[in-house]
Amino acid sequence: MENQSSKKAELLLHICCIGCGAYVGKMLDEEFSVSLFFYNPNIYPEIEYKKRLEEIERIAKHLSLPLYLGAYEHRSWLESVRGHETDKEKGERCLICYRERLRETAKMAQEKKIGFFSTTLTISPHKDARAISGIGSDLSLKYNVKFLDRDFKKQDGFKKSVALSHDLGLYRQNYCGCEFSRR
Ligand code: SF4
């Protein structure tokens with residue numbers, strides 16, 4: 001009998017923390033053959049980056065999802081947002097940050113010949129889902145990879161991700177990621 005999973009399209013899912021990644025990854029795995037991509041040079045300090053990564057490695061194994069890692073280049077990320085340190089969340093600094101992470105995801109999907117890319121970022125009530133949608137569509141054209149444009153916070157997505165984190169005993173941080181979001 002033919003393996004059903006071989007019929008699913010492949011999707012590279014950018015994740016920034018396991019709390020959201022586990023819920024979205026598990027949900028999308030019913031539709032797609034999902035691989036996770038952890039690329040978050042925005043996270044500060046490095047110890048926090050390592051903590052999120054360790055949790056992601058643990059749960060990727062638990063859910064049997066392949067995991068790709070991007071480079072952790074926080075200094076270069078700081079350069080990219082220079083001048084926007086005091087912007088409010090959802091402001092220009094965040095738009096640069098979304099674009100940078102989505103760009104690497106689209107590039108990685110293209111390199112690995114994965115047909116779709118997406119991100120868990122839209123699950124957060126603190127993120128601008130409309131802006132993420134625009135950036136994803138733009139990069140889709142640029143890298144010739146389809147963007148799965150979903151606002152994962154719909155249908156109580158955020159609440160459900162919190163509940164799943166609780167069930168699996170996952171670490172959930174109390175700030176977005178960069179030093180400016182810790183204030
Ligand atoms: S608040 Fe979050 S999305 Fe905005 S720049 Fe910082 S890490 Fe990136």
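1. The end of helix H2. Helix H2 is followed by Ser64, whose phi is positive, near 55°. Helices here are DSSP runs of H or I with at least four residues, strands are runs of E with at least two, and both are numbered from the N terminus.

2. Basis of the note. The model is a predicted one, in which local features need pLDDT of at least 70 and side-chain atom pairs count only at pLDDT 80 or more, while totals for chains, interfaces and linings use all residues. Residue numbers start from 1 along each chain as its sequence is written.

3. Length and buried side of H2. The 17 residues of H2 should span 24 Å at 1.5 Å a residue, and the end C-alpha atoms are 24 Å apart, which agrees; the expected span is 1.5 Å times one less than the number of residues. Arg52, Glu55, Ile56, Ile59 and Ala60 are buried in H2. A residue is buried if 20 or more other C-beta atoms lie within 10 Å of its own, exposed if 12 or fewer, and partly exposed in between, with C-beta atoms placed from the backbone.

4. The buried residues of H2 are covered by elements including strand E1 (9–15), H1, E2, strand E3 (67–69) and H6. Turned away from that buried side is a face with the exposed residues Glu46, Ile47, Lys50, Glu54 and Lys61.

5. Tyr44 and Pro45 are joined by a cis peptide bond, with omega about -5°. Pro45 belongs to the loop between strand E2 (32–38) and helix H2 (46–62). Most residues other than glycine have a negative phi, and most peptide bonds are trans.

6. Helix H6. From its first C-alpha to its last, H6 reaches 16 Å with 12 residues, close to the 16 Å expected at 1.5 Å a residue. The buried residues of H6 are Gly157, Ser161 and Ser165. Viewed down the axis of H6, they fall within an arc of 80°, so they line one face of the helix. Lys159, Ala163, His166 and Asp167 are exposed on the other side of H6. After H6 comes Gly169, which has a positive phi near 65°.

7. Packing of H1 on H6. Helix H1 (residues 18–28) and helix H6 (residues 157–168) have axes that come within 8 Å and cross at roughly 105°. Axes are lines fitted to C-alpha atoms, for helices over the stretch in contact, with angles from 0 to 180 degrees between N-to-C directions. H1 and H6 are therefore roughly perpendicular to each other, a label for angles of 65 to 115 degrees; under 35 counts as roughly parallel, over 145 as roughly antiparallel and the rest as oblique. In this contact, Gly19, Cys20, Ala22 and Tyr23 of H1 meet Lys160, Ser161, Leu164, Ser165 and Leu168 of H6; contact requires C-beta atoms, placed from the backbone, within 7 Å. H1 is also included in what covers the buried residues of H6.

8. Positive phi in two further loops. Lys113, not a glycine, has a positive phi of about 60° and lies in the loop between helix H4 (92–111) and strand E4 (116–119). Lys113 counts as exposed because it has 8 C-beta neighbours inside 10 Å. Asn144 has a positive phi near 55° and is found in the loop between helix H5 (129–143) and strand E5 (146–147). With 11 C-beta neighbours inside 10 Å, Asn144 also counts as exposed.

Definitions and conventions:
Contact = placed C-beta atoms within 7 Å. Arc of directions from axis to C-beta.
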